[in-house]
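Take a look at the model below. We will walk through it step by step, from the overall layout to single residues.

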Amino acid sequence: MRDGAQATGAVARRRMAVGELAIWRALIDTTAELRRILGTQLLQETGLSPADYQVMLALSEANGRRLRSSELAAAIDWERSRLSHHLGRMEGRGLIRRDDCPTDNRGAEVSLTDEGAEMFRRATAPHMRAIKKHFADALTPEQFEALDDILRTLQSHLHPEPAVAPAVSTKGESS
């Protein structure tokens with residue numbers, strides 16, 4: 001058992017190879033470039049910024065097109081102060097509405113207005129076309145399968161499931 005623990009520690013201490021670092025850098029650069037291209041196209045074609053779209057997407061997927069501001073911040077992984085400033089700009093454009101939370105005097109509920117929902121709906125088709133053009137059309141079905149496997153592996157590594165409890169016998173057997 002000690003040898004296994006030492007081997008695991010050695011793997012964890014190994015430095016990344018030059019090729020691994022180059023692949024990491026390519027991932028960072030490529031995703032940044034995709035975000036830049038898609039964001040520019042989204043803004044030009046729809047008048048929505050990528051941040052607007054992200055907020056509207058989260059609200060459109062929420063029950064009743066509304067979320068508490070703290071839930072919205074968590075859903076899109078933003079600091080609450082950044083979200084508050086951005087929501088103020090969106091509210092001024094009539095895309096969202098903020099109301100006092102009926103269950104918590106300190107909180108606010110953010111909802112997508114009918115105008116905001118319509119703008120989001122109109123923006124989705126051109127945005128999906130841009131994603132297809134700049135991302136999906138570049139990959140083969142085999143590459144999509146490989147990418148899916150890679151992303152699932154990374155997600156499992158980043159968010160390992162808790163250990164499963166041993167099965168409990170329901171027939172009165174001892175284990």
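The protein has 7 helices and 3 strands. Read from the N terminus, their order is α-α-α-β-α-α-β-β-α-α.

A word on the ground rules. This is a predicted model, in which local features need pLDDT of at least 70 and side-chain atom pairs count only at pLDDT 80 or more, while totals for chains, interfaces and linings use all residues. Residues are numbered from 1 along each chain as its sequence is written, and side-chain values use heavy atoms, with hydrogens and water left out.

Now ask how much is hidden. A residue is buried under 20% relative accessible area, exposed over 50% and partly exposed in between, using a 1.4 Å probe and protein chains only. By that rule, 26% of the 175 residues of the protein count as buried. Next come contacts, meaning heavy atoms within 4.5 Å. Take the contacts with a separation of 6 or more: residues 24 or more positions apart account for 52% of them.

Next, the pockets. On a 1 Å grid over the protein atoms alone, a pocket is an open set of points where a 1.4 Å probe fits, with protein on both sides within 12 Å along at least five of seven lines. Lining residues have an atom within 4 Å of a point. Grid points are joined across faces, edges and corners, and a volume is the space filled by probe spheres set on the points.

The largest pocket holds about 600 Å³ of space. It is lined by 15 residues, and L27, T31, L147, I150 and L151 are the closest to its centre. Helix 2 (18-46) and helix 7 (141-158) each supply at least two residues of this lining. Helix 2 gives the largest share, 8 residues. What kinds of residue line the largest pocket? There are 12 nonpolar, 2 polar and 1 charged. Here Ala, Val, Leu, Ile, Met, Phe, Trp, Tyr, Cys and Pro count as nonpolar, Asp, Glu, Lys and Arg as charged, and the others, Gly among them, as polar.

The second largest pocket has about 450 Å³ of space. Of its 14 lining residues, L34, R35, L38, H127 and I131 lie nearest its centre. Helix 2, helix 3 (50-61) and helix 6 (114-134) each give two or more residues to this lining. Helix 2 again gives the most, with 6 residues. The lining divides into 9 nonpolar, 4 polar and 1 charged.

Turn to the rings. Rings of Phe, Tyr and Trp (its six-membered ring) pair if their centres lie within 6.5 Å; planes under 30 degrees apart count as stacked, over 60 as edge-to-face and the rest as tilted. The structure holds 2 aromatic pairs. Y53 and F120 make a tilted one, 4.9 Å centre to centre with 35° between the planes. Y53 sits in helix 3 and F120 in helix 6, so this pair ties together parts 67 residues apart in sequence. Both Y53 and F120 are buried. F135 and F144 have ring centres 5.7 Å apart and planes at 90°, so they form an edge-to-face pair. F135 is partly exposed at 30% relative accessible area, and F144 is partly exposed at 33%.

Finally, visit a few single residues. H86 lies in helix 5 (residues 80-92). Why does H86 count as buried? Because its relative accessibility is 9%. Leaving out residues up to four places away in sequence, H86 touches S49, A51, D52, V55 and W78.

L112 belongs to strand 3 (residues 104-112). L112 is buried too, at 5% relative accessibility.

R65 has a positive phi of about 55°, although it is not a glycine. D77 also has a positive phi, near 60°, and is not a glycine. D77 is in the loop between helix 4 (69-76) and helix 5, and is exposed, with 71% relative accessible area.

How values were computed: Helix = DSSP H or I, 4+ residues; strand = E, 2+ residues; numbered from the N terminus.
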